[in-house]
Amino acid sequence: MPGITREEVAHLARLARLELKDEELDHFATQLDDIIGAVARVSDVADEDVPPTSHPLPLTNVMRSDDVRPSLTPQEALSGAPAQEQQRFKVPQILGED
Amino acid sequence: MTTIDLVSYEDALASYDPVMGLEVHVELGTRTKMFCGCSTELGAEPNSQTCPTCLGLPGSLPVVNAIGVESAVKIGLALHCEIAEWCRFARKNYFYPDMPKNFQTSQYDEPIAFNGYLDVQLEDGEIFRVEIERAHMEEDTGKSLHVGGATGRIHGASHSLLDYNRAGIPLIEIVTKPIEGAGERAPEVAKAYVAELRELIKALGVSEARMEQGQMRCDVNLSLRPNGTEKFGTRSETKNVNSLRSVERAARFEIQRHAAVLSSGGTIVQETRHFHEEDGSTTAGRIKDNAEDYRYFPEPDLVPVAPSREWVEELRKGLPELPRVRRNRLREEWGVSEHDMQSILNAGAVDLIVATIDAGADAASARKWWMGELARRANEAGTDLAALEITPEQVARVCALVAEGSLNDKLARQVIEGVLAGEGDPDAVVAGRGLAVVSDEGALGTAVDEAIAANAGIADKIRSGKVAAAGALVGAVMKATRGQADAARVRELILEKLGVEG
């Protein structure tokens, strides 16, 4: 049975920039393991002739022509930004000193 | 700043065998972004070309650009790749503010094109085959402006400002298989590969592939293994090497650096490195650890791309002649050496010469003017040949005027100068500046008689058989006619009048 370990949850939390306390890790590891276990039951029903599905619709090649459509104005684009400067999205420091 | 130990290039190659992998990103020249209809026009004001889709706002849905897919298939075919019958996009998840979605839409284990090759020609004419692993579709990231640190670098910046106009512009990433067996020519192969790929992309018309504008960017992965061994060493990944010369320098530098580390008993750390244009060195970037876990999964918002075989074959039929094949054909037609052809290519003159010939000029004249006078003027002006204010048709007209004897080379240069100065077509410049050669035999005869009379000594020498001395009299006549005479005709007249056989 595929599950998820506490170490894997800690790793995912780090990738997602989430700081989890020890008891939270225990808590989420158990919960996520239950969820994955429940979803994994799909594999019990799906035989080898059923390919993995990433999309519910039996469609391919949905494309648009290369025609320009109106964009948002910079003001609209920036309207949800917590901070802005020089008509750009302002974000906190990315890296510290060398 | 720590100094980096290097061994000489020769010593490095005496002990080690370089293996390279090259990853090239090409920004397509589509009008709109890969997954939304925002314009890709360069130079727009910040954040004026974004929409809910490329900003990753809730509820928005991407739809792939048909020309983006078509361009990817064309590139794959030109690289002799197989084209996937069915493939999907994938989300590459990472936290970095250059993508507002927190993932880049890319392709993971189902690239649209795979298993190809590109034959590249080295300076001496040798052909080296570079195998292609894959070419896949993805999107570009936004542009960051780092504020508050030294010289705009990310290190030490207090905050960063993001412009998402570039986020979502279609990219094709082309990845080679490990390039083995190039030995000491590895840096040259790397440069020749990127150069050939750029020519190919331009010939396909899918991008202008201007490296200086970031439309084509190269990552150089390199490792060394002791000579005679098979197993690859640990590689470094030098990112964003953005000129042909830099590609060669980066490979060379990394060979010398790796060799120094390895020969002193050290180990190479797998890391990304930054290339420095000013001195050709690289410095360490981030070390690749398990933080680099992109958790790829199939993009649920986009349906699979399944290029029909009919469509693929139609695109294959429409492919232009491959640049290397075309260059070799032209080289033979024009009768020039490999070396000269390389110079013509480097000068960006191939298409201009072709167009000039198409407009009626002979190959030798077309080449002479573009690679001589016009190259000199472009060089002086610090621009590309193609940017000069003269068309191939105008150059062809100058060639025709010279061929029919209406202009000599000196006058032709003045005509070109006039065209470049905006005085109109060659004929208009000839008329406007009064530049036609003096073909009035009477006027010319008088000028020749005067020259003979004024230089009796020289005339005697010529009469006594010293034909070479005629040059001085030709010079005198040319001076008298302010360069507007046909020098060959003047020489004929002089010898005729002095009763000497030419």
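**Close-up views of a predicted model**

**View 1. The largest nonpolar core in this predicted model.** This core has 80 residues. I112(B), A135(B), A190(B), Y193(B) and V220(B) touch the most other members. Helix α3 of chain B, residues 186–204, gives the most to the core: nine residues.

**View 2. Surroundings of A190(B).** Neighbours within four places in sequence are left aside here. Another core, of 46 residues, lies apart from the core of View 1. Its members include I357(B), V430(B), A485(B) and L493(B).

**View 3. Helices α15(B) and α16(B) cross.** Helix α15 spans residues 470–480 of chain B, and helix α16 spans residues 487–497. Their axes come within 9 Å and cross at roughly 120°. The pair therefore counts as oblique. The crossing is right-handed. From α15(B), the residues that meet the partner helix are A470(B), L473(B), V474(B), V477(B) and M478(B). From α16(B) come A487(B), V490(B), R491(B), I494(B) and L495(B). By class, the residues of this contact are nine nonpolar, no polar and one charged.

**View 4. The contact between chain B and chain A.** Chain B contributes 41 residues and chain A contributes 34 residues. On the side of chain B that touches chain A, β2 (64–65), α2 (66–78) and β9 (159–163) each supply at least two residues. β9(B) has the largest share of that side, five residues. The side of chain B that touches chain A divides into 22 nonpolar, 14 polar and five charged residues.

Methods
Residues numbered from 1 in each chain as written. Chains lettered and ligands numbered in written order. Predicted model: local features only at pLDDT ≥ 70, side-chain atom pairs only at ≥ 80, totals over all residues. Core = buried A, V, L, I, M, F, W, Y, C linked by C-beta atoms within 7 Å. Buried ≥ 20, exposed ≤ 12 C-beta atoms within 10 Å, placed from the backbone. Helix = DSSP H or I, 4+ residues; strand = E, 2+ residues; numbered from the N terminus. Contact = placed C-beta atoms within 7 Å. Axes fitted to C-alpha atoms, helices over the stretch in contact; angles between N-to-C directions. Parallel < 35°, antiparallel > 145°, perpendicular 65-115°, else oblique. Left-handed = near helix turned anticlockwise from the far one by under 90°. Nonpolar A, V, L, I, M, F, W, Y, C, P; charged D, E, K, R; others polar.
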